[in-house]
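This report describes how two protein chains meet and then turns to selected residues. Please study the sequence and the structure shown here before reading on.

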Amino acid sequence: MNINPLFTRSIFIIALLLIPPTVIAEHTNPIHLSLGGRLKIDGIYNTDSVGGIRTSKSDLAFSPGSIPVPETDRNSFDANLRESRVWATLTLPLGDDSLATYVEFDFFDTKKDSLGRTHVANEPRMRHLYSTFKNLTIGKTYTTFANLSAYPEINDANGPVGNLIIRHELISYNTSLSWGETFLALEKGESTFTSSTGSSLQINDDQIPDIIAKVKFSETWGNISAAFMLREINADNRIMHGVNDRKWGAAFSASGKIYFLKQDNLRFTISYGNVLGKYVSFNAFNDAVIDNNGQINLTEIIGGHLAYQHWWTSTLRSSLVIGAGYADQDTRIVPVTVNKLFTSTHLNLLWSPIRKLTLGTEWLHGYRKLENGNDGHLDRIQFSVVYKF
Amino acid sequence: MRYYKSFLKLALILSTSTVLFANDDAIKLETGKTLLEAIHNDEIRSIMRQLNTLAYEREYTELELRKLNKRQVKLLVKEAAALADTTANLTNITSFKNLDDETQLAFNAMVNQLQNISEELRNATENNHQDEIDTAYIKLQETCNTCHTLFREE
């Protein structure tokens, strides 16, 4: 059957005219998706090689517990872009408000690293995945116990000794007030122990989440926060069958960022408590020591850092960061080779010719001391280029 | 055109300075403050400082940065609005009306300039255009500094 083209065209035009205006009107997509990230390239020179096998990341990101004791005196140079990040946000309208979801990856997963001869594997690692709706946050992100604005601007991926930055699963409720914010959170419990032989144990059978409350005062001069945490440390029959020792402990932290002349600022964190283990300095100390009878002894830890940032010009600035962490370990239970004190010093010069680009060099000095008095040092020079997109 | 504007600006500054130096009476508000002390941008400066450093924060997630930016921008809108209102009301006070015509004229010119920039800042912050906020803020700083040089009592 032959159909007249003019007839077909007329039918098409009539059909278009009959479609209700709401359908042919420009559709406003209620979903907002944005993508971004940063490219970070590091060149790192270590006076003491702390990396060991290729899969270790200690040569690339400062980990105080990996400072060699005694010193190895083997220098090394490494380059990597593992601290590059990609992120996505998805915002969906929900009632009068919106549901926002955030996911972020870096390339620091070292589990599948190759030997690094012809190809260095940089497997993606999920840093954040969380959703926020009104005042509620659910997912994996930074602990509520930390104040992110107190984190200094440094090249090193892990930060100074005494910082509180860890990421894990949580549910948090915050309230915005005229003077600042309050937070209440339940976060993933994960007890870490030092055994009587000095090795680290993770039970992975914790039953009660960590309970955290925080108050943050914000003003034009900066902000100060105070956080309180309650944790149950649970041994769950790990050492001796039938002995399920558990202890409650507490920790407190005060931190902030205070502005001085122009953009100069002081950032600080000070924390104290007997359940700080996994929260401070990337678990440099464990939460507790556990004896051969399965009994728990909580470890008192004090840690913190102080950072002053001076802006030489509107694009050139330096930060001097000093951090320390000390644990009161019971050497009647654990060997004298366990860690007692860590310190770190960062000094850098960063330049941002444009906002999205930062070039910088940084000197890092790390110190580690054991209960028996033996110690080790690490010096590191790190060149970094960061481009945000 | 650029030199023409600069010349006009210089002429305004010179003429105003002559008027001021010839006048021993300080331009005072009823509160005892000098006139231009009423127009202060310390708050705006602090807010801009926080906005600037946010751009270099390394550990905040994008969602948190947006939230913090939004909060600072809201404060900026509020301060810009207050600044515009203050400048608009300054010419109504008694001590201002007692000034001679030339001083009033010079001051009015500066007030108009400040009002325009405050509006510019308000629009930029309401639309959340960071580049426009930066430009308006630089203009605001320049205007404030010029005004302070001319009118503020040391």
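## Burial and a partly exposed serine

A residue is called buried when its relative accessible area is under 20%, exposed when that area is over 50%, and partly exposed in between. The structure discussed here is a predicted model. Ser98(A) has a relative accessibility of 27%, so Ser98(A) counts as partly exposed.

Ser98(A) belongs to strand β4 of chain A, which covers residues 97-109. Apart from its neighbours within four places in sequence, Ser98(A) is in contact with Thr91(A), Leu92(A), Pro93(A), Thr132(A) and Phe133(A). Thr132(A) lies 34 residues from Ser98(A) along the chain, yet the C-alpha atoms of the two are separated by 8.4 Å.

Chain B contains six helices and zero strands. Of its 154 residues, 45% count as buried. Among the contacts in chain B with a separation of 6 or more, 73% involve residues 24 or more positions apart.

Helix α2(B) has 13 residues and spans 19 Å from its first C-alpha to its last, close to the 18 Å expected at 1.5 Å a residue. Because 10 of these 13 residues are buried, α2(B) is largely enclosed by the rest of the structure. The buried residues of α2(B) include Ile44(B), Ile47(B), Met48(B), Leu51(B) and Leu54(B), and also Arg49(B), Gln50(B) and Asn52(B).

## The interface between the chains

Where chain B meets chain A, 22 residues of chain B and 44 residues of chain A take part in the contact. The two chains bury about 2800 Å² between them, and 45% of this area is on carbon and sulfur atoms. Tyr56(B), Arg58(B) and Glu59(B) supply 32% of the area that chain B buries against chain A, more than any other three residues.

Across this interface, 19 residue pairs are in polar contact, with both residues of each pair at pLDDT 80 or more. Helices α2 (42-54), α3 (62-90) and α6 (130-151) of chain B each supply at least two residues of the side that touches chain A. Of the elements of chain B, α2(B) gives the most to that side, with seven residues. By class, the side of chain B that touches chain A has five nonpolar, six polar and 11 charged residues.

## Salt bridges

Side chains of opposite charge can pair when their charged atoms come close. The whole structure has 25 salt bridges over all chains, and the count between chain B and chain A is seven.

Two of the pairs that cross between the chains may be followed in detail. Glu59(B) forms a salt bridge with Arg85(A), with the closest N and O atoms 3.3 Å apart. This pair runs from the loop between α2 and α3 of chain B to strand β3 of chain A, and both Glu59(B) and Arg85(A) are buried. The side chains of Glu57(B) and Arg267(A) also meet in a salt bridge, at 3.5 Å from N to O. Here Glu57(B) sits in the loop between α2 and α3 of chain B, while Arg267(A) is in strand β14 of chain A. Glu57(B) and Arg267(A) are both buried.

Lys188(A) is partly exposed, at 37% relative accessible area, whereas Glu190(A) is buried, at 9%.

## Loop residues of chain A

Most residues other than glycine have a negative phi. Ser281(A) is not a glycine, yet Ser281(A) has a positive phi of about 50°. Asn283(A), likewise not a glycine, has a positive phi of about 60°. Ser281(A) lies in the loop between β14 (265-273) and β15 (288-290) of chain A, and Asn283(A) is also found in the loop between β14 and β15. Is each residue buried or partly exposed? Ser281(A) is buried at 4% relative accessibility, while Asn283(A) is partly exposed at 27%.

Asn158(A) is placed in the loop between β6 (136-142) and β7 (167-177) of chain A, and at 14% relative accessibility Asn158(A) counts as buried. A polar atom of its side chain lies 2.9 Å from the backbone oxygen of Phe62(A). Beyond its neighbours within four places in sequence, the residues in contact with Asn158(A) include Ala61(A), Ser63(A), Tyr151(A) and Phe282(A).

Technical notes
Residues are numbered from 1 along each chain as its sequence is written. Chains are lettered from A and ligands numbered from 1 in the order in which they are written. This is a predicted model: local features need pLDDT of at least 70, side-chain atom pairs count only at pLDDT 80 or more; totals for chains, interfaces and linings use all residues. Side-chain values use heavy atoms; hydrogens and water are left out. Contact means heavy atoms within 4.5 Å. Buried area is the accessible area (1.4 Å probe) that two parts lose on being put together, summed over both. A salt bridge is a side-chain nitrogen of Lys or Arg within 4 Å of a carboxyl oxygen of Asp or Glu. A polar contact is a pair of N or O atoms within 3.5 Å; within protein, one must be able to donate a hydrogen and the other to accept it, and residues adjacent in sequence count only if both atoms are side-chain atoms. Helices (H or I, at least four residues) and strands (E, at least two) are DSSP runs, numbered from the N terminus. Ala, Val, Leu, Ile, Met, Phe, Trp, Tyr, Cys and Pro count as nonpolar, Asp, Glu, Lys and Arg as charged, and the others, Gly among them, as polar. The expected span of a helix is 1.5 Å times one less than its number of residues. Buried means under 20% relative accessible area, exposed over 50%, partly exposed in between (1.4 Å probe, protein chains only).
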